Amino acid sequence: MKILYFAWLRSKTGTAREEVAPPAEVTTVGALMEWVASRHPGFAEAMAAPGVIRAAVNQDYAQPDDPVRPGDEVAFFPPVTGG
Amino acid sequence: MIRVQESPFDVGAEIATLSAGRTDIGAVASFVGLVRDHAGEQATLAMTLEHYPGMTEKKLAEIEAEAQARWPLQASLIVHRYGRMLPGEPIVLVATASQHRAAALEACAFLIDWLKTEAPFWKLEETGSAPRWVEARETDERAAARWRR
């Protein structure tokens, strides 16, 4: 599974992308976030504030209950500010 | 058509291209977003736009398709830049063409409102002190909400 981090969330994790193999019980976006938080204290800190982290799975917006599978491209980022 | 690019664009040329060679278009509406030289009291020296290659293009294409589905558009264009820009430079252009003005104007407003809350871009502002990531605004969320069905 590939995880991408954007904007200031990237400085919280110290990496823009990583290849990971989370344990088999990590099957949802929410569970993956908990797992990422256990690896990156900065991510855990950002997760403490509600609504600050957005997620996408295979380049579509995703909610905490949505599934993640091996081979997926998952991205975490703050609310968007383009335009 | 959608385009995500680093280089600047010529607003006039882009809009002219939209209706070039066509005589069936009655109305073209456009919105251009520029880098402002201040944010509140603080001066902005430059702005860097980050994007998510792949997802950004995908979302812009979906946003454009949504506008095409809701209004009778004859043509539409979204050009959005990424990278570092100086005050006065264009960041984004949205243009719509239709037979009549109402569809063109409404679709144009929809596109920019929707894009601001849906398209994965993030602004990093350079000020006199440390660069800071621009925070999402509640007003943008409200502007997009009026188009929600």
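## A pair of strands to start with

In chain B, β5(B) and β9(B) run antiparallel and are joined by six bridges. Helices and strands here are DSSP runs numbered from the N terminus, where a helix (H or I) has at least four residues and a strand (E) at least two. Two strands count as paired if DSSP finds at least two bridges between them. Across this pair, Ala46(B) stands opposite Glu126(B), which lies in β9(B).

Before going on, a word about the model. It is predicted, so local features need pLDDT of at least 70 and side-chain atom pairs count only at pLDDT 80 or more, while totals for chains, interfaces and linings use all residues. Residues are numbered from 1 along each chain as its sequence is written, and chains are lettered from A and ligands numbered from 1 in the order in which they are written.

## The sheet around them

The two strands belong to an open sheet of four strands, with the order β7-β5-β9-β10 in chain B and antiparallel pairing. Which strands stand at the edges? They are β7 (83–85) and β10 (132–133) of chain B; each has a single partner strand, so one side of each is left without a neighbour in the sheet. As a general point, strands of a sheet pair through backbone hydrogen bonds, either parallel or antiparallel.

## Chain B as a whole

Along the sequence, the pattern reads β-α-β-β-β-β-α-β-β-β-α-β-β-α. The C-alpha atoms fill a box of roughly 50 × 35 × 30 Å, taken along the principal axes. For 149 residues, a compact globule would have a radius of gyration near 15 Å, and the 16 Å of chain B agrees with this. That radius is taken over C-alpha atoms, and the globule rule is 2.2 Å times the number of residues to the power 0.38.

Of the 149 residues in chain B, 31% are buried. A residue is buried if 20 or more other C-beta atoms lie within 10 Å of its own, exposed if 12 or fewer do, and partly exposed in between, with C-beta atoms placed from the backbone. Two residues are in contact if their C-beta atoms, placed in that way, lie within 7 Å. Among the contacts in chain B with a separation of 6 or more, 77% are between residues 24 or more positions apart.

The expected span is 1.5 Å times one less than the number of residues. Its buried residues include Ala107(B), Leu111(B), Trp114(B) and Leu115(B). What covers the buried residues of α3(B) includes β2 (27–34), α2, β6 (73–81), β8 (90–98) and α4 (138–145) of chain B.

The 16 residues of α2(B) should span 22 Å, and the end C-alpha atoms are 22 Å apart, which agrees. Among the buried residues of α2(B) are Met55(B), Leu60(B), Ile63(B) and Ala67(B).

## Where the chains meet

How many residues of chain B are in contact with chain A? There are 21, and they touch 13 residues of chain A. On this side of chain B, β5 (46–51), α2 (55–70), α3 (101–118) and β9 (121–126) each supply at least two residues. The largest share, four residues, comes from α3(B). By type, the residues on this side divide into 13 nonpolar, four polar and four charged. Here Ala, Val, Leu, Ile, Met, Phe, Trp, Tyr, Cys and Pro count as nonpolar, Asp, Glu, Lys and Arg as charged, and the others, Gly among them, as polar.

Pro120(B) sits in the loop between α3 and β9 of chain B. Is Pro120(B) buried or exposed? With 26 C-beta neighbours inside 10 Å, Pro120(B) counts as buried. Leaving out residues up to four places away in sequence, Pro120(B) touches residues including Phe77(A), Val80(A), Tyr52(B) and Met55(B).

## The nonpolar core

The largest nonpolar core has 53 residues, and among those touching the most other members are Phe6(A), Ala75(A), Ile78(B) and Leu111(B). The helix α3(B) gives the most to this core, with nine residues. Such a core is a set of buried Ala, Val, Leu, Ile, Met, Phe, Trp, Tyr and Cys residues joined through C-beta atoms within 7 Å. Not counting residues up to four places away in sequence, Ala75(A) touches Leu4(A), Phe6(A), Ala55(A), Ala56(A), Tyr52(B) and Met55(B).
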